[in-house]
Amino acid sequence: LLSSLRATEHLSAPVIEIGAYRGVTTAVLAAATKRDYFAVDPYIGYGGAASDHRHLMSRIAKLDNVTHLRLTSGEAFRSNVVTRISFAFIDAVHDYVNARFDGYNWGAKLERGGLIAFHDADSIEFPGVQRAIWQMLKQHSKRYALFAHVEGLVVLQSK
């Protein structure tokens, strides 16, 4: 994941993470870039506890480049707070509908050469994530290429 983020460091558009939970990945990725970093998580449903939100806020407190958008992915997308991105990390609701929504919509905001990474891409517990990724790659082969695939993570690059 860090290697993929670094591969986009020459791009200037912000980074976005969909699904921040307790902010562990957020803090690691945001510390590895100077770009603006948006962490999107509404803190409702699973991972929606007040303590999870406090963990995120504590982890990002000293990171000046991080903005937490306490919105759903759809709300954040429609708000147009973030209009272009260089890197997206999708790690929110792990079902087909949400993974597809996140991939297609945030992928449309990727700069040319930008990357979109999907977590839990190989888990038998979340077959919808895998289906959404491969469908996106197959149906939009002129727009995306496979950049990397390691256990649990698939990264696509915008052409």
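These legends describe several close-up views of one predicted model. Residues are numbered from 1 along each chain as its sequence is written, and side-chain values use heavy atoms, with hydrogens and water left out. Because the model is predicted, local features need pLDDT of at least 70 and side-chain atom pairs count only at pLDDT 80 or more, while totals for chains, interfaces and linings use all residues.

**View 1. Strands E2 and E3 pair, with helix H3 between them in the unit.**
Helices (H or I, at least four residues) and strands (E, at least two) are DSSP runs, numbered from the N terminus. Strand E2 covers residues 37-40, and strand E3 covers residues 66-69. The two strands run parallel and are joined by four bridges. Two strands pair if DSSP finds at least two bridges between them. Look for Ala39: it stands opposite His68 in E3. Together, E2, H3 and E3 make a right-handed β-α-β unit. Right-handed means that, with the strands pointing away from the viewer, the path from the first strand over the helix to the second runs clockwise.

**View 2. Ile16 sits buried in strand E1.**
At 0% relative accessibility, Ile16 counts as buried. Buried means under 20% relative accessible area, exposed over 50%, and partly exposed in between (1.4 Å probe, protein chains only). Which residues does Ile16 contact, leaving aside its neighbours within four places in sequence? They are Phe38, Val40, Val82, Ile85, Phe87, Ala88, Phe89 and Trp106. Contact means heavy atoms within 4.5 Å. Take Val40: Ile16 and Val40 are 24 residues apart in sequence. In space, their C-alpha atoms are 7.4 Å apart.

**View 3. Ring pairs link Phe77, Phe101 and Trp106 into a cluster.**
A search of the whole structure finds two aromatic pairs. Rings of Phe, Tyr and Trp (its six-membered ring) pair if their centres lie within 6.5 Å; planes under 30 degrees apart count as stacked, over 60 as edge-to-face and the rest as tilted. Phe77 is in helix H4 (residues 73-79) and Phe101 in helix H5 (residues 96-107), so to speak distant parts of the chain, 24 residues apart. Phe77 is buried, at 19% relative accessibility. Phe101 is partly exposed, at 29%. Phe77 also pairs with Trp106, with ring centres 5.4 Å apart and planes at 85°, so this pair is edge-to-face. Here too, distant parts of the chain are linked: Phe77 in H4 and Trp106 in H5 are 29 residues apart. Trp106 is buried, at 0% relative accessibility.

**View 4. Glu9 and Arg35 form a salt bridge.**
The structure holds two salt bridges. A salt bridge is a side-chain nitrogen of Lys or Arg within 4 Å of a carboxyl oxygen of Asp or Glu. For Glu9 and Arg35, the closest N and O atoms are 2.8 Å apart. Glu9 lies in the loop between helix H1 (2-7) and strand E1 (15-18), and Arg35 in the loop between helix H2 (24-31) and E2, so the pair ties together parts 26 residues apart in sequence. Arg35 is buried, at 6%.

**View 5. Arg22 forms a salt bridge with Asp52.**
The closest N and O atoms of this pair are 2.6 Å apart. Arg22 lies in the loop between E1 and H2 and Asp52 in helix H3, so the pair ties together parts 30 residues apart in sequence. Arg22 is partly exposed, at 30% relative accessibility. Asp52 is buried, with a relative accessible area of 5%. Not counting residues up to four places away in sequence, Asp52 touches Tyr21, Arg22, Tyr43 and Gly47.
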